[in-house]
Amino acid sequence: MTLRAGAIVQSLGGELFGDPDRQITRLAPLETAQPTELSYLVNPRLAQQLANTQAGCVIVGPAMAEAARSRGDCIVCDDPHLYFARVTQLWRRLHHVAPRSRIHPSAVVEEGAFVHPTAVVGALSFVGRGARIGADTVIKERVTIGEDCVLGARCLVQSGAVIGGDGFGFASQDGAWIKIEQLGAVRIGDDVEIGANTCVDRGALDDTVIEDGVKLDNLIQIGHNTHIGKHTAMAGCVGVAGSARIGAYCTVGGAGMIAGHLSIADHVHVSAGSLVSRSITKPGHYTGFFPIDDNGEWEKNAATLRQLHRLRERVRQLERLMADSEE
Amino acid sequence: MTLRAGAIVQSLGGELFGDPDRQITRLAPLETAQPTELSYLVNPRLAQQLANTQAGCVIVGPAMAEAARSRGDCIVCDDPHLYFARVTQLWRRLHHVAPRSRIHPSAVVEEGAFVHPTAVVGALSFVGRGARIGADTVIKERVTIGEDCVLGARCLVQSGAVIGGDGFGFASQDGAWIKIEQLGAVRIGDDVEIGANTCVDRGALDDTVIEDGVKLDNLIQIGHNTHIGKHTAMAGCVGVAGSARIGAYCTVGGAGMIAGHLSIADHVHVSAGSLVSRSITKPGHYTGFFPIDDNGEWEKNAATLRQLHRLRERVRQLERLMADSEE
Amino acid sequence: MTLRAGAIVQSLGGELFGDPDRQITRLAPLETAQPTELSYLVNPRLAQQLANTQAGCVIVGPAMAEAARSRGDCIVCDDPHLYFARVTQLWRRLHHVAPRSRIHPSAVVEEGAFVHPTAVVGALSFVGRGARIGADTVIKERVTIGEDCVLGARCLVQSGAVIGGDGFGFASQDGAWIKIEQLGAVRIGDDVEIGANTCVDRGALDDTVIEDGVKLDNLIQIGHNTHIGKHTAMAGCVGVAGSARIGAYCTVGGAGMIAGHLSIADHVHVSAGSLVSRSITKPGHYTGFFPIDDNGEWEKNAATLRQLHRLRERVRQLERLMADSEE
């Protein structure tokens with residue numbers, strides 16, 4: 001299964017310098033690409049890799065066009081990362097074997113669920129009563145779409161994801177927990193990707209809402225009644241507690257945690273491993289994790305950290321003494 | 001599908017001020033409730049929301065009774081949060097479509113497993129040989145209940161949960177890991193809820209034990225031979241390493257982590273994002289996470305943190321010099 | 001189902017002091033073992049437990065042989081932990097009921113997948129087109145092995161694991177995310193264990209690689225194009241971001257997080273709850289988590305921590321003043 005270099009630019013634009021009949025057999029990183037393979041260069045700092053690669057053809061931006069042409073065949077385009085993404089999509093369309101059935105015979109789709117005629121439900125997946133799956137949405141294998149949950153068009157749900165598990169809500173009675181039935185559902189927009197084994201809980205009364213273009217990696221927990229704005233992306237192992245309101249165009253690094261009932265503005269970027277314990281009202285980049293260190297160093301610093309407030313008092317005392325002695 | 005206001009107090013007690021024949025069409029939060037909807041107020045600080053709500057009827061405590069009555073229909077009860085939980089349960093009983101089959105035809109229940117006649121096993125779930133599922137327990141879709149694991153009565157296991165995966169136990173031989181077969185099982189009491197994609201590992205020799213009334217949110221990892229006391233609740237993404245012994249009436253915030261082989265007393269509350277690295281013998285509230293900050297501030301503080309021990313030495317040195325100079 | 005003490009040493013070596021015809025009915029920890037049960041002692045500091053145990057027979061190392069013999073029956077061997085692991089394996093071989101079918105009838109194995117004749121695929125599991133499952137590998141219930149993913153011999157994949165979900169890769173266009181199709185797969189060596197609900201993503205172009213003997217606990221996220229060296233072990237809730245290169249013989253404690261695109265040397269040990277945000281080039285033990293404390297203490301220290309850099313400036317200022325006053 002190959003692809004002509006000329007066919008790529010015909011589909012995706014860009015300018016090809018070199019042989020349009022070159023048969024591309026695979027897409028590959030610069031370091032490992034072979035003479036029949038297509039690669040790409042995003043970061044001009046990796047120009048040395050361009051010089052050394054054996055790739056048959058390389059996608060580059062205008063700034064690297066000359067260096068790439070002097071090396072061999074290349075496709076020059078405005079945004080090589082985006083162009084490369086489009087090539088992977090083209091590649092997959094050509095090489096992917098479509099599922100034999102729109103709804104796999106092993107899937108369980110309950111009565112009263114609606115699966116759009118162009119949507120796919122993978123093997124061993126479950127779609128509950130009243131759920132709605134939009135056009136061209138792909139539900140992979142072993143996914144749960146709970147009762148009344150709605151997914152828009154062109155979504156992709158990876159294996160093991162659970163959309164519409166109960167939110168975690170209880171009232172307390174004499175120390176025991178009394179369940180608050182979760183009567184809301186989950187509403188997911190268009191072009192949303194949900195990662196493997198990620199969970200999006202249904203709302204208690206109103207729905208949990210995920211807007212268009214949101215991308216959630218694997219093993220993410222989205223609590224009930226959370227609202228995630230469009231085009232926000234979260235890396236693996238992130239947790240979002242209930243009723244958080246997260247803006248659009250945000251990113252959350254791996255294992256970042258968002259506490260409940262708070263608001264995060266648009267364009268906020270949370271570093272990996274950071275716990276957001278208060279609302280963030282201004283766009284920006286926020287961080288809060290303990291820097292890793294050699295264990296011995298860490299132990300000394302961590303021990304001192306537990307006396308940090310007292311240390312500040314000692315500094316204050318020194319400042320007072322110093323002020324007195326100077327008088 | 002509606003519910004008469006009068007029918008609610010008939011079922012659940014409390015005093016209705018207003019029209020018993022009012023038809024409630026939905027339960028809703030104060031902010032969004034419509035004139036045919038029922039809402040509730042827990043926190044007296046939200047009195048303004050009560051004044052503004054369009055809800056047809058509001059559940060309140062005695063302290064808010066007057067304000068609620070002057071606004072319109074209300075139900076007055078001792079504990080409006082608990083009352084509201086009971087209403088959600090009533091609502092669900094009335095509106096939920098019972099599964100057509102006790103054990104869904106797509107579920108796999110191995111020979112020698114016992115499923116109580118009033119228990120439910122959802123679509124595509126697996127119940128292993130020798131497992132026992134108690135009365136009125138509901139196993140949702142795509143759940144694994146491993147060999148010999150036992151669940152009590154009235155439990156609820158959300159989709160994707162794995163009860164009875166192998167504990168993580170190995171002996172080391174020349175750097176390689178030799179498996180210690182996990183010969184114990186998991187014993188879960190009554191009224192336990194297990195969240196979506198949560199894992200509870202089987203014990204190595206003895207069982208992993210989860211006592212009555214424990215509530216585990218989604219994506220939680222419970223290591224082998226852990227013992228969790230009754231009515232303890234854990235939020236999403238929590239991890240509990242092996243052989244931890246956790247008391248009763250505890251709470252662990254999201255992504256809290258409990259190291260292995262340690263004990264936590266009853267009534268201990270661990271904040272979100274905190275790692276419990278030592279036993280906790282006294283009830284109380286414990287915390288340990290790096291406070292989030294603007295990334296630039298964090299970088300400066302984190303860099304200094306790595307020299308914190310040396311900073312303390314410098315303060316000590318200053319104190320010595322100051323003492324000398326004062327003599 | 002019992003096992004003669006003599007049969008154990010016949011199978012596994014070691015020296016039995018006591019009755020070879022003693023019938024062992026169960027393996028048990030020292031504290032709870034009964035007179036017909038077999039236990040073991042690894043840590044000589046627990047000698048008191050040896051004195052008190054009611055176990056019928058105890059596995060010990062040479063250092064404890066005398067104490068054990070004076071107490072009752074024992075098996076003396078070089079490495080009691082390893083020996084015990086072997087006994088659990090023997091026990092399981094004798095008592096485990098083999099599955100009736102190599103590939104459970106409820107499993108879905110796509111055309112073009114290869115399952116070795118001695119491998120097992122559990123109930124409700126999915127094996128995609130082109131995937132290959134090696135000899136004696138056991139895929140438990142409700143597992144996903146994606147298209148083209150390869151597992152070696154003697155692997156064990158726990159329930160709910162997802163091997164070969166899409167890596168998390170997007171190009172950005174006007175704030176929206178454009179999918180980079182993930183065209184690589186996952187290659188897993190021999191003797192690898194993958195925990196419950198753990199996810200190993202397929203590579204973007206090249207494969208994600210997990211070498212021989214790696215052990216991954218539950219709810220772990222392995223990003224695309226990660227390479228994990230042989231015999232590395234990771235505890236539950238660990239996250240590894242994309243393109244990380246992790247050495248051999250490493251360990252990562254629970255909820256440890258490894259950022260993307262970095263390298264970790266062989267024999268590196270990362271503590272639980274620590275975020276590895278930079279490459280680690282030297283073997284050793286590394287840590288970075290905020291020490292847990294009483295919440296009140298934590299609040300004071302955390303507040304000061306946010307001014308730590310300024311505190312250092314104040315100390316520097318004091319040092320300058322002190323130096324001036326001494327001149």
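Copies are superposed here by least squares on the C-alpha atoms of residues with pLDDT of at least 70 in both. On that basis, chain A is brought onto chain B by a rotation of 120 degrees with 0.0 Å of shift along its axis, at an RMSD of 0.1 Å. In chain A the C-alpha nearest that axis belongs to Phe290(A), 3.5 Å from it. Chain C goes onto chain A by a rotation of 120 degrees with 0.0 Å of shift along the axis (RMSD 0.1 Å). These two copies are thus related as by a three-fold rotation axis. In chain C, Phe290(C) has the C-alpha nearest the axis, at 3.5 Å.

This is a predicted model, in which local features need pLDDT of at least 70 and side-chain atom pairs count only at pLDDT 80 or more, while totals for chains, interfaces and linings use all residues. Residues are numbered from 1 along each chain as its sequence is written, chains are lettered from A and ligands numbered from 1 in the order in which they are written, and side-chain values use heavy atoms, with hydrogens and water left out.

**The interfaces**

Two interfaces are set out below. Contact means heavy atoms within 4.5 Å. Buried area is the accessible area (1.4 Å probe) that two parts lose on being put together, summed over both. A salt bridge is a side-chain nitrogen of Lys or Arg within 4 Å of a carboxyl oxygen of Asp or Glu.

| Interface | Residues in contact | Buried area | Salt bridges |
|---|---|---|---|
| Chain A and chain B | 70 residues from chain A, 73 residues from chain B | about 6,000 Å² | five salt bridges |
| Chain C and chain A | 70 residues of chain C, 73 residues of chain A | about 5,900 Å² | five salt bridges |

Between chain A and chain B, carbon and sulfur atoms give 63% of the buried area. Phe168(A), Trp177(A) and Leu205(A) supply 12% of the area that chain A buries against chain B, more than any other three residues. A salt bridge joins Asp206(A) to Arg26(B), at 2.7 Å from N to O.

Helices (H or I, at least four residues) and strands (E, at least two) are DSSP runs, numbered from the N terminus. Several elements of chain A each supply at least two residues of the side that touches chain B, among them strand 17 (162–165), strand 19 (176–179), helix 5 (295–305) and helix 6 (308–326). Helix 6 of chain A gives the most to that side, with seven residues. By class, the side of chain A that touches chain B has 35 nonpolar, 21 polar and 14 charged residues; Ala, Val, Leu, Ile, Met, Phe, Trp, Tyr, Cys and Pro count as nonpolar, Asp, Glu, Lys and Arg as charged, and the others, Gly among them, as polar.

For chain C and chain A, carbon and sulfur atoms give 63% of the buried area. On the chain C side, Phe168(C), Trp177(C) and Leu205(C) lose the most area to chain A, together 12% of what that side buries. Asp206(C) and Arg26(A) form a salt bridge whose closest N and O atoms are 2.6 Å apart.

**Strands across the chains**

Strands of a sheet pair through backbone hydrogen bonds, either parallel or antiparallel. Two strands are taken to pair if DSSP finds at least two bridges between them. Strand 35 of chain A pairs with strand 36 (residues 293–294) of chain B in the antiparallel sense, over two bridges. Here Thr287(A) stands opposite Asp293(B). Strand 36 of chain A and strand 35 of chain C are likewise antiparallel, over two bridges, and Asp293(A) stands opposite Thr287(C).

The latter pair belongs to an open sheet of 10 strands with mixed pairing, in the order 36(A)-35(C)-33(C)-30(C)-27(C)-24(C)-21(C)-16(C)-13(C)-10(C). Strand 36 (293–294) of chain A and strand 10 (120–121) of chain C stand at the edges, each with a single partner strand, so one side of each is left without a neighbour in the sheet. Within chain C, strand 13 (residues 138–139) and strand 16 (residues 156–157) run parallel and are joined by two bridges. Ile139(C) stands opposite Val157(C) in strand 16.
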